[in-house]
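Please examine the structure shown below.

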Amino acid sequence: MNLIRKPVLLPYEDICDYKTLDGSKLPTISYEKPMKIAIHHRSDSYSTEWIKYCEKYNIDYKIVDCYDFDIIEQLKGCDAFLWNWAQWHSRDVLFARQLIYSIEQMGIEVYPNSKSCLLFDDKLGQKYLLEALDIPLEKSDVFFNKSEAINWIKNIKLPVVFKLRGGSSSVNVKLISTKSRARRLINIAFSRGFRPSDRLSDFKDRIHEFNKNKNIDSFIHMLKGVIRIIYPREHERILTREKGYVYFQKFLPNKTFDIRVFVFGDKAVAIKRIVRKNDFRASGSNDFLDDPNEISPEYIREAFRLNRILKMQSVAFDFIKDDKKIKLLEICYATGNSDWIGYFDQDAVFYPVKGFKIEHGIIADVINTIHDKISNQN
């Protein structure tokens, strides 16, 4: 590992009194040009830190509600609109992409913009995009015809991984080891279809979390899983069943981890996600290592290289090694909003910062974009 460690100076990261690991205080910055930012606030999203950032630097902001009938009117006069929408909020899924595209037509800077979130939580769409751009996606096959899928199964080497197009934390991801089970899933896909979420799989994940942590929070979380088996979430009641297609991806045996790299602007954070015990999935395990020495620099460089092609505001890459080559499993525009211990630059150099928050980097990038627009207009 050839990481060069040195103190970091970030112009926007003193908001929570951050300090570099050598004890030096991070510098502040002031924004001179007036602007107004609209934020859709939800407690379990990036918006809490966005609000803190605006208050710290006296940036004019307003809280808006995307679900209001007059949201377009609310945004008039704003320079930017920020909404950390999520796939597990059914109302978001129904109209987020369309609203974002419409707001962009108003000349407002949006996070995430259309390019960044168009294929969010859409593994099928990602397959086509990544293949079109010659990005090394792990081999994937999709069928929209039942008989073609059945014939493919007859000659394929098992096991393979079955996925639905949506679902986070490895929900709706199954390892298929027998042809009879593969045929059964194909029959379901081309008849009644699948629920948007797998309640039983979700409950098993909650048990896994409890066995790992054994604290009151994980116990309550596990109990809620029992309730979810009986009473489905709003997400499941509102969204339609997944059917009319099947999606299979090559299975790589004996893998003990994958690597998630989240790129935003000229920075990235990364973790090694450990595969769950007696399982094949790493996503959703809540068992990860954030020590930069656990992250090979090649993953960081590859993530930046791919985003120079994709040109997204932010994007999380889930990587795995196949025949000593880095392969991509999937992408998404956001990642967990916990404190990080630092960030990487484009050369895979790690800069340690206590309590580093990606939310601050994201809003700073948006503000810098607005500044560039204002400067160009002047």
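Q: Over the ring of which residue does the charged end of Lys-272 sit?

A: This is a predicted model, in which local features need pLDDT of at least 70 and side-chain atom pairs count only at pLDDT 80 or more, while totals for chains, interfaces and linings use all residues. Residues are numbered from 1 along each chain as its sequence is written, and side-chain values use heavy atoms, with hydrogens and water left out. A charge sits over a ring if NZ of Lys or CZ of Arg is within 6 Å of the ring centre and within 35 degrees of the ring normal. The charged end of Lys-272 lies 4.3 Å from the centre of the ring in question, that of Phe-257.

Q: How are the rings of Trp-50 and Tyr-111 arranged: stacked or edge-to-face?

A: Rings of Phe, Tyr and Trp (its six-membered ring) pair if their centres lie within 6.5 Å; planes under 30 degrees apart count as stacked, over 60 as edge-to-face and the rest as tilted. The centres of Trp-50 and Tyr-111 are 5.9 Å apart and the planes stand at 90 degrees, so this pair is edge-to-face.

Q: How are the rings of Phe-262 and Phe-264 arranged: stacked or edge-to-face?

A: Their centres lie 5.6 Å apart. The planes are at 25 degrees, so the pair is stacked.

Q: Is Arg-195 buried, partly exposed or exposed?

A: Buried means under 20% relative accessible area, exposed over 50%, and partly exposed in between (1.4 Å probe, protein chains only). Arg-195 is placed in the loop between helix H7 (179-189) and helix H8 (199-213); helices are DSSP runs (H or I, at least four residues), as strands are (E, at least two), numbered from the N terminus. With a relative accessible area of 41%, Arg-195 is partly exposed.

Q: Which residues touch the most other members of the largest nonpolar core?

A: A nonpolar core is a set of buried Ala, Val, Leu, Ile, Met, Phe, Trp, Tyr and Cys residues joined through side-chain atoms within 4.5 Å. The largest core has 52 residues, and its largest share, 8 residues, comes from helix H12 (residues 358-377). The members that touch the most others are Ile-37 and Phe-81.

Q: By how many residues are Arg-195 and Arg-241 apart along the chain, and what distance separates their C-alpha atoms?

A: Along the chain, Arg-195 and Arg-241 are 46 residues apart. The separation of their C-alpha atoms is 4.9 Å.
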